[in-house]
Amino acid sequence: MTYARIIGTGSALPEKVVSNFDLEKIIDTSHDWIVERTGIERRHICDSDETISMLATKAARNAIEMAGIDPEDIDLIIVGTATPELAFPSTACMVQRELGIQNCIAFDINAACSGFVYGLGIAKQWIESGTAKHVLLIGADTLSRVVDWNDRATCVLFGDGAGAAILSADEETGVLSTHMHSDGVGTNLLYATSSLSETDNPPKIRMRGNEVYKFAVRSLSDLVAEELKENNITQADIDWFVPHQANLRIIKAAADRIGLPMDRVILTIQDHGNTSAASIPMALDVAVRDGRIKKGHRLLFDAFGAGFAWASSYLVF
Ligand code: ACO
């Protein structure tokens, strides 16, 4: 059996850091409210000259360097993003150009915050079927570009960033399972208008936070239970839980559901905020580089976002 195994990770953040105290100066909010309701303390925000393809390319270069492969060996580039800088071409093709790869397939997918885990499911199938040997998978978003900075209920939540992974064919182990779900019931509860719209320009995020919160807690908890059941494992078989970083309370609820102590949960929400599709690969990269996640560790990914679209994966790193 051929598995898709992560052999390199990378991430990239804009230099500008915006703290909760900075936000107190521009909207009616407080550091204490944001920390208590979300766990977020600061986030990185792109300057006007920074683009999503720059972040995605930087994250990709870091992942390629860790993997120790030649960029020309990459057969497929997938970028999960809901905030491409252009309607077309895809961000994946822009990354391909920046990396100077002559001959590979490149495309974007939009599953909002679940984009990276959806991409993992696609990459797994391409590698297991023998269609691709090396896949560059990126989750990247610049939600600051679609945030309404007058809406305190949403603008405090989001940050910008990109995370990347190189997945390669491996005969021993790798991604053991992925689960993807969607339910269009969420389309009016959480959405961002597009810069292509003539009526809603500049674009804005709109969210009915309480309803999204309830759906997220239920879906993420169900996903965790589904992964355990399908793989016939218990929480003892999970070395690290790497969840989507949307809200600390949502993460705690999902960890509670399987009795996983919080010291086995990778948390970056305090420093990154909700970076949408970038949040899981950036959290992964942080924990790989600081030595917590090691080769052979068993990981659980768990994501939820607009659509609604939610997804999970159980894998051996
Ligand atoms: N600062 C201070 N007060 C605020 C702020 C703020 N930034 N935002 C809202 N409030 C106020 C509200 O006006 C309200 O005041 P009121 O009681 O006088 O009316 C009060 O705080 C409570 O507001 P709620 O919306 O009920 O707060 P809640 O505890 O639900 O937290 C939050 C809001 C953090 C947005 C939460 O609902 C949440 O996390 N929702 C899910 C987000 C999510 O997971 N999104 C999915 C991924 S995102 C993607 O896919 C792009």
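**View 1. Strands S6 and S7, side by side.** In this predicted model, strand S6 (residues 134-142) and strand S7 (residues 160-170) run antiparallel and are joined by nine bridges. To find your place on the pair, look for aspartate 141, which stands opposite glycine 161 in S7.

**View 2. Who surrounds the ligand?** The ligand has 25 residues around it, and the closest are Thr29, Arg37, Cys113, Asn210 and Asn247. By type, this shell splits into 14 nonpolar, seven polar and four charged residues.

View 3. Threonine 29 places a polar side-chain atom 2.7 Å from a nitrogen atom of the ligand. Asparagine 210 also uses a polar side-chain atom, this one 2.7 Å from a ligand oxygen atom. With arginine 152, look at the backbone instead: an N or O atom there lies 2.9 Å from a nitrogen atom of the ligand. The protein covers 75% of the 1000 Å² of accessible area that the ligand has on its own.

**View 4. Where the shell comes from.** Domain 1 (3-171) and domain 2 (176-316) each give at least three residues to the shell around the ligand. Among the elements supplying at least two residues each are helix H2 (31-38), helix H8 (248-257) and strand S12 (298-305). The largest share, four residues, comes from H7.

Definitions and conventions:
Residues are numbered from 1 along each chain as its sequence is written. This is a predicted model: local features need pLDDT of at least 70, side-chain atom pairs count only at pLDDT 80 or more; totals for chains, interfaces and linings use all residues. Side-chain values use heavy atoms; hydrogens and water are left out. A residue is near a molecule or strand if one of its heavy atoms lies within 4 Å of it. A polar contact is a pair of N or O atoms within 3.5 Å; within protein, one must be able to donate a hydrogen and the other to accept it, and residues adjacent in sequence count only if both atoms are side-chain atoms. Accessible areas come from the Shrake-Rupley method with a 1.4 Å probe; for residues, only the protein chains shown count as cover. Ala, Val, Leu, Ile, Met, Phe, Trp, Tyr, Cys and Pro count as nonpolar, Asp, Glu, Lys and Arg as charged, and the others, Gly among them, as polar. Domain bounds come from an automatic or database domain assignment. Two strands pair if DSSP finds at least two bridges between them.
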